[in-house]
Amino acid sequence: MRTIYAEYNINHDSIDVYTSAGYMLRIDCWEAEKNLKTTPESDCALNALAIDDPLEYARYILMEIY
C-alpha cells in the first residue's frame, strides 16, 4: 500500500493519511499524544510537526504506539 499524502485536519484535530488503495487512516492527535510523556517544548514541537509535516507526524506516532 503506497501512501499518497497526509494532511492535518483542523476540524477534527487529526492527521488524515490517504492511500493509493482508496483508504483513509485518521489519527486523532489528542488520543495519540495523551499517554506520551512530554514537556511544553516537546508538545509545541509535536504540534508544529503535525501541522507542517503530517506524514512524518503519523510515522512518529505509529512508531511510538507499536
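Helices (H or I, at least four residues) and strands (E, at least two) are DSSP runs, numbered from the N terminus. This is a predicted model, in which local features need pLDDT of at least 70, side-chain atom pairs count only at pLDDT 80 or more, and totals for chains, interfaces and linings use all residues. Residues are numbered from 1 along each chain as its sequence is written, and side-chain values use heavy atoms, with hydrogens and water left out.

**Stop 1**

Select residues 24-28. This is strand β3, and L25 sits in it. L25 has 41% relative accessibility and counts as partly exposed. The cut-offs: buried is under 20% relative accessible area, exposed is over 50%, and partly exposed lies in between (1.4 Å probe, protein chains only).

With L25 they form a nonpolar patch on the surface, together holding about 450 Å² of accessible area. Patches take residues with over 30% relative accessible area and no salt bridge; like charges are joined within 9 Å, nonpolar side chains (Val, Leu, Ile, Met, Phe, Trp, Tyr) within 5 Å. The areas come from the Shrake-Rupley method with a 1.4 Å probe, and for residues only the protein chains shown count as cover.

**Stop 2: the salt bridges**

How many salt bridges does a search of the whole structure find? It finds three. The criterion is a side-chain nitrogen of Lys or Arg within 4 Å of a carboxyl oxygen of Asp or Glu.

Select D16 and R26. They form a salt bridge, with the closest N and O atoms 2.8 Å apart. This pair links distant parts of the chain: D16 belongs to strand β2 and R26 to strand β3, ten residues apart. Is D16 buried or exposed? D16 counts as buried, at 1% relative accessibility. R26 counts as partly exposed, at 40%.

Go next to E31 and K34. Their side chains meet in a salt bridge at 3.0 Å, N to O. E31 is partly exposed, with a relative accessible area of 41%. K34 is partly exposed too, at 44%.

Then pick E56 and R59. Here the side chains meet at 3.4 Å, N to O, in a salt bridge. Both residues are in helix α3, three residues apart, so about one helical turn separates them. E56 is partly exposed at 33% relative accessible area. R59 is partly exposed at 47%.

**Stop 3: helix α3**

Stay on this helix and select residues 54-65. At 1.5 Å a residue, its twelve residues should span 16 Å, and the end C-alpha atoms are 16 Å apart, which agrees. The expected span is 1.5 Å times one less than the number of residues.

Which residues of α3 are buried? They are P54, Y57, A58 and I61. Look down the axis of α3: the buried residues fall within an arc of 100°, so they line one face of the helix. The arc is taken over the directions from the helix axis to the C-beta atoms.

Now click E64, also in helix α3. E64 is partly exposed, with a relative accessible area of 44%. Draw a distance from E64 to A50, C-alpha to C-alpha: it reads 15 Å, for residues 14 apart along the chain.

**Stop 4: a loop residue**

Finish at D13. It lies in the loop between β1 (3-9) and β2 (14-19). Check its backbone: phi of D13 is near 50°, a positive value in a residue other than glycine. D13 is partly exposed, with a relative accessible area of 31%.
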